[in-house]
Amino acid sequence: MSLRTHIGNIRLPWAVWLGGGLLIVHLIMALFAAYVAPYSPTAIDTAHIMEPPSPSHWFGTDRYGRDIFSRVVYGGQVALLISLVSAAISVLVGGFLGVTTAYIGGVFDDTVMRIIDAMIAIPGVLLLLVIVTGLGSGTAVIVLAMVLSYLPGVVRVIRATALEYVPREFMLAARVRGEHVWHIVWVELWPNVLDVLFVEFAMRASWIVLSVSGLSFLGFGVNPPIPDWGLMVSENRAMLVTAPWGALFPMLAVSTLVVALNVVSDEIAKLLGVDRGARI
Amino acid sequence: MMWDIVRRVLTICVTLFVVAAIIFAATEVLPGDVATAILGREAAPKRLAAIRQQLQLDRPASERYWQWLGGFVQGDWGQSLARPDQAIRPLVLERLRNTFWLSLLATCIGVPLAIILGVLAGLRRNQWLDSLVSVISLIGMSLPEFVIGSLLMLVFGVMLAILPAVTIVQADAPLTKLLPSMILPTLTLVIVMVAYILRMIRSSVIDIMQSEYVQMAYLKGVPQRLIIWRYIVPTALLPTINAVGLTVAWLIGGVVVVETVFNFPGIGRLMTSAVSDRDLPLVQALGLIGAFIYIMINVVADVATLWLTPRLRTQFWRPNEET
């Protein structure tokens with residue numbers, strides 16, 4: 001079942017329109033951040049500190065006089081870039097490992113899977129924090145940390161999917177024809193896991209947005225003054241009563257992006273007939 | 001069966017061994033060792049060398065790994081770097097007690113709630129109740145823990161001012177003193193947890209309602225109530241035991257953010273401060289403990305599934321193959 005055969009006759013419920021619309025708004029804002037944002041996200045303006053939302057500053061300003069709307073827009077760029085790149089790397093490397101372990105099996109399979117089991121056994125945030133402790137902070141470290149924590153799940157799922165195809169006749173036929181291992185893995189096996197791989201990408205992108213914002217909320221994300229939603233919330237959280245706009249707008253931004261990604265990835269899973277309900 | 005148990009135990013040992021190796025490698029072999037963590041980057045080389053010798057950092061990493069792991073197994077978890085003269089084990093155990101009660105409270109409220117909502121939504125598929133439950137679950141899955149936590153704190157802690165917004169009680173306070181501070185963190189964890197578990201229960205209920213034996217029961221006129229409680233619910237709960245296990249295990253990671261939001265003195269809060277202080281031995285200990293708890297919870301979930309499903313107790317059953 002490919003995406004194309006479905007596109008013609010889909011009837012989308014309102015939630016999907018809402019989710020898809022939100023995602024498109026987020027993508028456009030991130031892509032054209034330089035045109036959308038009225039100010040520089042890092043420009044300090046001591047004359048306008050902690051101002052409430054107004055026509056000149058739509059989302060108000062923070063305690064350094066930085067324009068919150070501009071910071072939210074650029075923060076989206078950072079969040080989407082990190083999440084999509086990390087999700088893409090996890091899915092490609094994880095997919096490759098999943099397919100090769102499923103086909104080759106034996107000692108290679110055992111070794112890789114024991115390492116994967118161990119990585120899954122270090123619960124989410126703890127693994128991220130262990131990596132951050134070792135490598136320090138910064139954008140590259142976050143991407144690496146995200147890949148290392150989300151890749152093991154992809155390997156398991158893709159390996160299980162690929163194992164269903166390994167005993168099939170077309171695989172046997174390829175082996176009998178005397179094809180090379182790489183040919184069998186790439187040309188025969190790989191195309192069969194693409195549907196699942198695509199769903200994994202969409203799901204994991206939404207989880208990674210959550211994790212990245214959580215990590216920067218804890219203070220171990222991108223380095224300031226790079227605008228980041230999680231960091232903005234933790235900076236302005238203490239003033240949630242006196243100046244709520246500082247924390248509320250980044251909260252709204254991260255929540256709408258994750259809602260959009262979740263709705264869209266659910267719909268993709270449904271269209272491709274991939275069961276995602278049984279997994280965390 | 002006997003062989004299965006032996007193999008399980010061996011697998012757990014191997015996994016923990018690899019976990020320890022990953023944690024050790026990530027924190028020790030990479031640039032910036034403990035000595036620079038203590039003295040800072042601009043420290044004099046002589047003092048660095050002295051500290052390295054004192055902490056035995058001049059010995060090869062593999063040798064230190066064995067020593068660390070050996071000590072850990074025997075109950076010697078080392079000394080904290082950032083807190084002078086503080087042994088790690090009593091510190092971690094004290095905080096673990098607080099996190100344990102927090103997680104237990106969240107699980108005892110969250111799991112039954114998720115089951116009730118999930119079954120109701122599954123039975124009334126595509127009606128208003130189902131839509132409402134689905135929207136709630138989507139929100140619970142999509143809002144980061146720090147957003148849910150901060151909003152709850154704003155509403156109940158500040159605007160209504162009926163619950164303590166942050167924990168100001170000492171870490172070693174008796175449980176009764178700690179309880180009021182646990183309400184908002186628990187609520188945050190429950191919201192996220194329910195969102196995940198109820199989705200799985202709902203889809204499992206829907207699957208079973210379409211199965212032939214349930215259709216058959218309807219056709220031969222079994223009362224609706226009996227069908228729901230005897231035919232659907234028990235079968236629907238089985239595949240979710242593992243999901244519940246995974247979600248409870250997620251709590252170990254999830255508490256890090258939630259405890260930080262509410263300044264709750266558990267292992268999550270301890271972990272974030274250990275990372276900020278670059279207190280490597282403490283980070284290593286907490287990582288290993290977290291992994292140990294995670295593995296144990298999953299073993300319990302697996303055994304529970306096995307116990308409740310005779311059909312799986314055959315020689316063909318392979319643990320973890322399906323995940």
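**Close-up views of a predicted two-chain model**

**View 1. The salt bridge between Arg199(B) and Asp266(A).** In this predicted model, the side chains of Arg199(B) and Asp266(A) meet in a salt bridge at 3.2 Å, N to O, the term being used for a side-chain nitrogen of Lys or Arg within 4 Å of a carboxyl oxygen of Asp or Glu. The count of salt bridges between chain B and chain A is one. Local features need pLDDT of at least 70 and side-chain atom pairs count only at pLDDT 80 or more, whereas totals for chains, interfaces and linings use all residues. Side-chain values use heavy atoms, with hydrogens and water left out, while residues are numbered from 1 along each chain as its sequence is written, and chains are lettered from A in the order in which they are written.

**View 2. The interface of chain B with chain A.** In contact (heavy atoms within 4.5 Å) are 50 residues of chain B and 46 residues of chain A. The buried area, which is the accessible area (1.4 Å probe) that two parts lose on being put together, summed over both, is about 4100 Å² between these chains, and carbon and sulfur atoms give 76% of it.

**View 3. A nonpolar patch on the surface of chain A.** Ile24(A), Ile28(A), Leu31(A), Phe32(A) and Tyr35(A) form this patch, with about 600 Å² of accessible area together; patches are made of residues with over 30% relative accessible area and no salt bridge, nonpolar side chains (Val, Leu, Ile, Met, Phe, Trp, Tyr) being joined within 5 Å and like charges within 9 Å. Leu31(A) is exposed, with a relative accessible area of 66%, where exposed means over 50% (1.4 Å probe, protein chains only).

Technical notes:
Accessible areas come from the Shrake-Rupley method with a 1.4 Å probe; for residues, only the protein chains shown count as cover. Buried means under 20% relative accessible area, exposed over 50%, partly exposed in between (1.4 Å probe, protein chains only).
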